[in-house]
Amino acid sequence: MQTQIYSSFLTKKGPELVTLFGYSSKSIPGLEINGIGKYGKGMKEKIIFLTKKYQIKTPLARIVLNVEIPDEWGELSSVNVRWLEYPFMLLYWNLAGALPIRRMDECFALGAIRAEGIIEEISGEKIEDLCLRRDLAWITSFEHQLIDKRVDAQEVIQQKMSFKLKEFEQVFCTQ
């Protein structure tokens, strides 16, 4: 099984659309995150911790998640990579069969996750613009006036998981 989700990599020039993709296979069970260098291990461990904390059932399968970030967008840092945590977690849970969304290849998500079960999301006109141009369904708790294809994040991550969504807006994401 394979799937993908869109997100945004936050550069000094503003947000750039990026595709996160992944697959599952019948191999040695585990989670692997590629494309974000040294930040992948910490992200992987946080996702596994939250998956166990909220007792989300995952199959005995190898799940590989990837992102390709062009060098010209700048260096990877904890500041810009952390906002990919939420879409990576959604991608993992989707491949594990734990989400009510069958296909995520026309969806967008952006946010950081904390070990306490809090998801910090980013919004702003530039981010909304990315979704509108590509006609993507944004998985978010924000109410957007311009976005027609909004997926309520509370419904996607199922309220029984007890996640808290915290609206978080960065100054450089607004115009």
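**Packing of helices α1 and α3 and selected residues**

In the predicted model, M43, K46, I47, L50 and T51 of helix α1 meet E85, F88, M89, Y92 and W93 of helix α3, where contact denotes heavy atoms within 4.5 Å. By class, this contact comprises seven nonpolar, one polar and two charged residues. In this classification, Ala, Val, Leu, Ile, Met, Phe, Trp, Tyr, Cys and Pro count as nonpolar, Asp, Glu, Lys and Arg as charged, and the others, Gly among them, as polar. Helix α1 spans residues 39-53 and helix α3 spans residues 85-95; their axes lie 10 Å apart and form an angle of about 55 degrees. Each axis is a line fitted to C-alpha atoms, for helices over the stretch in contact, and angles run from 0 to 180 degrees between N-to-C directions. The two helices are therefore oblique to each other; angles under 35 degrees count as roughly parallel, over 145 as roughly antiparallel, 65 to 115 as roughly perpendicular and the rest as oblique.

Residues are numbered from 1 along each chain as its sequence is written, and side-chain values use heavy atoms, with hydrogens and water left out. As the model is predicted, local features need pLDDT of at least 70 and side-chain atom pairs count only at pLDDT 80 or more, while totals for chains, interfaces and linings use all residues.

The protein as a whole contains five helices and ten strands, taken as DSSP runs numbered from the N terminus (helices: H or I, at least four residues; strands: E, at least two). Of its 175 residues, 51% count as buried, that is, under 20% relative accessible area, with exposed meaning over 50% and partly exposed in between (1.4 Å probe, protein chains only). Among contacts in the protein with a separation of 6 or more, 71% join residues 24 or more positions apart.

Helix α3 is mostly covered, with eleven of its eleven residues buried. Among these buried residues are P87, L90, L91 and N94. The helix is followed by G97, which has a positive phi near 80 degrees.

Q55, with a phi of about 50 degrees, lies in the loop between α1 and β4 (62-67). Q55 counts as exposed at 67% relative accessibility. D135 has a phi of about 55 degrees and is located in the loop between α4 (125-134) and β8 (137-140). At 48% relative accessibility, D135 counts as partly exposed.

Q4 belongs to strand β1 (residues 2-11) and is partly exposed, at 24% relative accessibility. Leaving aside neighbours within four places in sequence, Q4 is in contact with T19, L20, F21, L91, M104 and D105. The C-alpha atoms of Q4 and L95 are separated by 9.6 Å, although these residues are 91 residues apart along the chain. E121, in strand β7 (residues 118-121), is buried, with a relative accessible area of 0%. The C-alpha atoms of E121 and F142, 21 residues apart along the chain, are separated by 8.3 Å.
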